[in-house]
Amino acid sequence: MDPAKRASVGARSDVREDARRDASSDSQLEDQVKDWLRYGEDLGLGPYYRDRAPLQVIAEATTAPLEPRDVATPSNISAAAPVAASATAPAVMAAVAPGRAPAAPINVAPSSASQKAATMAAMKTPPVAPSSTILPAAAAPSLFEAIDRVAGDSLPRIREDIGDCTRCKLHKGRTNIVFGVGNPKAELVFVGEGPGHDEDLKGEPFVGRAGKLLTQMIEAMGLRREDVYIANVVKCRPPENRLPEKDEISTCLPFLMRQLDVIKPKVICCLGSCSSQTLLQTTQGISKFRGEWFDFRGAKLIATYHPAYLLRNPPAKSEVWKDLQKVMAVLGLQPKKR
Ligand code: URA
């Protein structure tokens, strides 16, 4: 073949190869986007995705760009005067870092072709260092607003609706459903991940070692355990204390939402990555947003490290105490006198 023809054939095959590679990388990205969408659908977020206007991220004076997040709106009450920190820190809290590995992505999923293209472009862009200030502006009702509120709901009715639940595979290994415990009119609700061994046996959340530490934390805030309400993202124990899986979370979450709607707490304190990432719909590590305030379904939500994490990392207690002091400032609580 003459050289010019060979060059032109070569160039065409290079172009075809480039096009094939582009198509394959686009189809990989598309698969990823589809996975995200499927995950959102699993969580019952479909209507939410479809309703949402594009995110408007408000940049604060931070050095790093913000990672897009989708639902919660940090409120300005982080400026509320905190209770004086270290001087009053009880021994239990005197001596915090991220909890367990992030759950599966619950990120924004695109609904239109242009949103999809934007998401795919963003996925091609190398990730930027996340900021410690997360300021997504929800231009539409939050995800959980999209979960219907049940008229005339009550805790007993929710428990009755759960029944002897077999909705997800966690029922196979459970001894007891761990519904939640505490004051049905609590101003403060703690949300953990899921029952462990002791909780499964007793049917009550946070009664094991981590639970004892939680009780001490509550008392350090000048409250009793029975003053607050304590619940988990999932109500049955995951085998081997593994993280709850996305289908388990999406099955159980509506019951937690109903509990929160009935209790109407002023403050929701998420303990650890699982509950905070689930309620805030983010994959971001908890260390990036713990201690920040978010508006959540009429309540103020704050995330802090899980007591089980504190058992492994006692120095992290000081960070948790700072977070709890913010809660105390909002609820007008004084720390327990020693
Ligand atoms: N850890 C949790 O997240 N919840 C419990 O109820 C117990 C331990």
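Guide: Leaving aside neighbours within four places in sequence, Val191 is in contact with Ala231, Asn232, Val233, Leu256, Ile268, Cys270, Leu271, Ser275 and Leu279; two residues are in contact if their C-beta atoms, placed from the backbone, lie within 7 Å. The model is predicted: local features need pLDDT of at least 70, side-chain atom pairs count only at pLDDT 80 or more, and totals for chains, interfaces and linings use all residues. Residues are numbered from 1 along each chain as its sequence is written.

Val191 belongs to the largest nonpolar core, which has 60 residues; Val189, Val191, Ile268, Cys269 and Val327 touch the most other members. Such a core is a set of buried Ala, Val, Leu, Ile, Met, Phe, Trp, Tyr and Cys residues joined through C-beta atoms within 7 Å. Buried means that 20 or more other C-beta atoms lie within 10 Å of a residue's own; exposed means 12 or fewer, and partly exposed is in between. Helix H9 (residues 246-263) gives the most to this core, seven residues. Helices are DSSP runs of H or I with at least four residues, numbered from the N terminus.

Leu271, a contact of Val191, is also in contact with Pro307, as are Ala210, Leu213, Leu214 and Met217. Pro307 lies in helix H12 (residues 307-312). Pro307 counts as buried because it has 25 C-beta neighbours inside 10 Å. The C-alpha atoms of Pro307 and Leu213 are separated by 6.3 Å, although the two are 94 residues apart along the chain.

Notes:
Helix = DSSP H or I, 4+ residues; strand = E, 2+ residues; numbered from the N terminus.
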